[in-house]
Amino acid sequence: MVVAPIASGREAGLRAVLETMNVRPGMADPGNALLPFDEFQNIHFARLVILEDATVGDFAVHGLKAPSFPKHLVFMGDCDGPSRELLADMSRRADAGLRKIFAHCEGFDVQADLLGWLLAHDLPVAANYVNWVGRTVRQAKQESALQRALSSRVPREEIKSDTTVQQVRQDLVAYAKVEIRAGRLNLTPPEPTPVEWQMRKFLNAIGIPLVGLLALPLILVLLPFFLILLRIREKSDPEFYPRPDAQALQVLRQLEDHDVTNQFSALGSVKPGLFRRWLVSVVLLLIEYACRHIFNRGHLGRVQTIHFARWVFIDGKARIMFASNYDGSHEAYMDDFINKVAWGLNLVFSNGIGWPRTDWLIKRGARYEQRFKYYQRRHQIPSQVWYKAYPGLTLTDLQRNQRIREGLERADMSDAEALSWLRLL
Amino acid sequence: MSGRTGQNSAALEWDDMQALLRFGFKHLTQASFFLLRIKNREAARAWLAAAPVTSAVTVNPLPTTALQVALTSEGLRGLGVAPDIIDGFSNEYNAGMSTDGNRSQRLGDVAESAPDRWRWGARDKVPHVLLMLYAAPGQLEGFQRSIKGQCSAGFDEVACLATSTLGSKEPFGFDDGISQPKLDWDRERPVRDEEQYAYTNLACLGEFLLGYPNEYGGYTDRPLLDPQRSNASTLPRAEDSPDKADLGRNGSYLVMRQLQQDIPGFWQYLDQQAGGDATLREQLAAAMVGRTLDGEPLVGRNSEAIEGNAAKADSDLNAFTYQSDPQGLRCPLGAHVRRSNPRNADLPPGKPGIVSRLIRTLGFDAQARERDLVPSTRFHRLLRRGRDYGAKVTVAEALSGAQPSDETGLHFVCLGANIARQFEFVQGAWIAGTKFDGLAGEGDPLLGHRQPGPDGCPTNVFSIPQSCGPDKRLTALPSFITVRGGAYFFLPGIRALRYLATAH
C-alpha cells in the first residue's frame, strides 16, 4: 500500500486528476488514461484514497491536543502475485499516468526512479485478509464465463432417471470442450504455487505458535496484570460517537451501490499510551495469523461477504487505516459486523479513540448498535477512485463458479454428485 | 428466552399512542389517505393541536371512524418546528424517500418506478401531513367531508388516495396480511443484548415504538428535549435519559408507498409460462409468492410452537420456518414471503450444545455457513398496515385481454422505529437485492425492478429449485409493480403531536 503525503497546495489539483479516472463518482473507468486498470490482468481491486481525517479532533476527549497529521494519498490494490511485481509492471506501462498522480505528493521528483519511489513509500500491511487465497482474476473471469455458458445451455426439465443425469452432464462437458477449442471459453490451468511462498507460509504457520509456546510462561505471569490494566482502561476510556454529519453521509453514499460490491475505507487514531499501542499490535499480529492460515477459504469467522480487507498502521503507530471490499449494501455490512463478528471488531477497534465501551475486550462495544453505526460512518472516508475487476459478481457467485469448474474437470462422478453439480447451474 | 422485565408501563400509555400501532382497523373496512401540504401555518397548527386522533385505547362499542396523523420532515419544517429538534430524527427520515439517488438505487426505485415519475412524494409534491381516515361501511364519505372541511383553512391537497373495501385478498388474488409481528406489550422479551437461537414472532416494543428498548436492548435515537423548553413539560420523560423529554415516545416511523399492480400482466405472463394450464398457472403464482392463493405456506406447516403466534387455529398459517427446506425445494429461495421474512434466528441451525454453537459462531461449520447468508430476521421486521386500491380484477378478466378501467394496486404502509434497519433493509437487501440468499441474480418475483445487473446480466428471472435437476427458471419477467409515490412519515405519540403543533 503506497502512502505519500500530499504536497501543500496540491490537493485540489490531485482531486481533479483523480476525478478524471472515474466513469462516475465511485466507479473507476477501467480504461482510464492515467492508470488503465483493465490492462493489468492480475488486479482484483484497486483504489486511490485521500486520507481526510475528520476525527483527529477526537484527541480532545482524552484531554489532549490533536496532533497534526499530514494528509496522505493512498494507493492500494489486491492482486495476484507479489505486489512488487505489479508495481514494477505499472511503472513500466503506466509511467506517465502514475507520475501525473504522484507529482502531487511531497518529495516526488519528476525525474526520479518511479518504481524506487513507489517501493520506498510502500507501507507494510499489519494484517491482510483474502477471502480465497489463490483465486486469481483470470480464474474468476473464466469461471464466470463458463457458468454463463453452461447455465444458458443446461436443460431445465426434471431428470427422470439416473442415467439421464450422467448423460446431461456429459453433454455439457462435451459442449464446454467444443467452446474451449473454438476459443469462446477458456479455462487456463492454475499456475503452481511457488515453493518459496509455501515454505514461508509453513514457517510462519508453525513459527508464531512456537514463539507463543516459548513465551507462554511469561504470558501467564503477565496475564493478570494485563487484565487489570485492561479493565481499568475499559472502564475509564471515554466513548465518543457523535452522529455523522448529513453532508458527509451524502458524499459517502454517492459512492456506494453502483455494483453489488462496495468499498469501505476508514481512518482512526489509536488511543494514547503504550498499552493500547502494544495491544493493537499484538491483536493485528494474531489477526494476520488467523487470516493467513485459518480464514483463507471463503469466510472470516461467520462473515462470507468480504473480498479483501486490510489494516495498516500509518504515521508511526498513531493511526490505523482499515480498507475492505464487501458484497451488499453498507447497512447489510454493518448488520453482519454487529451480529456475526462484533467480538472481532472489538478486538481491534476498541483500541481506537472513542470506541463504544467494551467489556473484557470482546463483549459489548460494536453490539451497541446505534453507537457503532455512528462511529464507523464518522470514521469512514470516501475512496476517490475504486476499481473492481469483475463487476456484478459476489463471493457466492465466485465460489459457485469454482465448484462448477471443478465439477466440469472431474473425469467422472457418482449420480448424486452429478445431480448436485447440475443443480449449481 | 422470557422472563418478566418488570415494566408493564406500556399498558398505561395506550392513550398516548396512535391506534395504528395496536390495531389494523379490520372492522373499519373503508379508508382513504389524504396527503396534504401546509398552506397556512397558523391554521395548520391550530387544527393539528385539536385534531380528533384515535388513540390505542380499546373502546366498547368499537368506533365507527378513526383518524391517524403523520408528518414528513418537510412537514415539521412547515409547522415551524425548531431545526435542532428536526435534526434529532433519523437521517433517512429527514432526507426523505425521493431525494437521494443512492437511496432510490437501493430501494429499487429505478426506471419506471424512479421518483422523477412519481405522482406524489418527489420534487414539489412532497406531502407535509398524512391523514389516514378509517370508517365503517357507509361512513367514509361523511367523515371525509368533515375532515376536508376542517383542513381547508390550513392545508392544500397533494393527493386524496382512495382505498377499496377491505377484504382478505390483495389485488393479485392472494390472501394477504397473514403474517404480522406481535409486539411484546407485556415486555416479556429480554431487553438486553442476548443471542436468540429460535425464530420468534414476538418483537421488542422498541422495534416499532420509539422510546422503548429494541431487539438490541438499546433505544433508537429520537429527539430528546430539555424539559424547560416551551411546552416540553407536557411530553413524557425518556426511559433511557429521565432528565430529558422524549418527543418520540409512543411514536413510530411510517413508510408509505403507492404500488400500482399490473394484474393482467401478472396473470397473462403466468398463463403463458404455464401453457394455458390453469393448475400449473396457479402453482407458478404460488411459487412466486411462497403461499398458495389461500395463504397456505408452500413450505408446509409444521408443529413448531413459534413464540408470538396467536393461539388461534387459523394462525397456523404462520406456524412454520424454512429450517426444513434449506434448498428451497418446497418454497423457492426467492419467493416473496421468504424474502420479506426469512424466519431465521441469530445463528444458523445446527446441533444443540455449547461446543456446536461456538463452532458455528466462529464460522467453522461448513454446512451452517451455507445457511448463514441471510441476516437474523428479528432486527428487520415490518408492521404492515397497507390497504389496496382500485377495482378488483379477477383472473378471468385479467386473461381476457380487456384493459382494466381503473388503476389497481396497494398503498403499502409499514411501521417501524428504525427506517434504515427495517424498511430500507428489507426492501433493499431482501426484496430488490438480486443476490439474496446466494441467488445468482434475480430480484423479488412480484416487486423486482428487472433491471440488468452491473455486468449486464439480466435479473428478470425467477428460479424454482427442484430436487431432480437444475432449477426451473422463468425468464423475461415483466415488471408487475410500478411505484407511483412514496414518503417517510413520523407517526407521533399524541402528546408529541400536540407539542409539535403548539410549541415555539
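Strand S7 of chain A gives the largest share of the lining of the largest cavity, five residues; strands are DSSP runs of E, at least two residues, and helices runs of H or I, at least four, numbered from the N terminus. A cavity is a set of points on a 1 Å grid over the protein atoms alone where a 1.4 Å probe fits but cannot get out, and lining residues have an atom within 4 Å of a point. The model is predicted: local features need pLDDT of at least 70, side-chain atom pairs count only at pLDDT 80 or more, and totals for chains, interfaces and linings use all residues. Residues are numbered from 1 along each chain as its sequence is written, and side-chain values use heavy atoms, without hydrogens and water.

Among the 23 lining residues of the largest cavity, A:Ala266, A:Phe322, A:Phe349, A:Trp355 and A:Tyr375 lie nearest its centre. B:Arg229 and B:His504 are among the residues lining the second largest cavity. Volumes are the space filled by probe spheres set on the points, joined across faces, edges and corners.

| Cavity | Volume |
|---|---|
| Largest cavity | about 280 Å³ |
| Second largest cavity | about 70 Å³ |

Between the chains, 53 residues of chain B are in contact (heavy atoms within 4.5 Å) with 49 residues of chain A. Eight salt bridges are counted between chain B and chain A (a side-chain nitrogen of Lys or Arg within 4 Å of a carboxyl oxygen of Asp or Glu). A:Arg302 and B:Asp372 form a salt bridge through their side chains, at 2.8 Å from N to O.

Key. Chains are lettered from A and ligands numbered from 1 in the order in which they are written. On a 1 Å grid over the protein atoms alone, a cavity is a set of points where a 1.4 Å probe fits but cannot get out, and a pocket is an open set with protein on both sides within 12 Å along at least five of seven lines; lining residues have an atom within 4 Å of a point.
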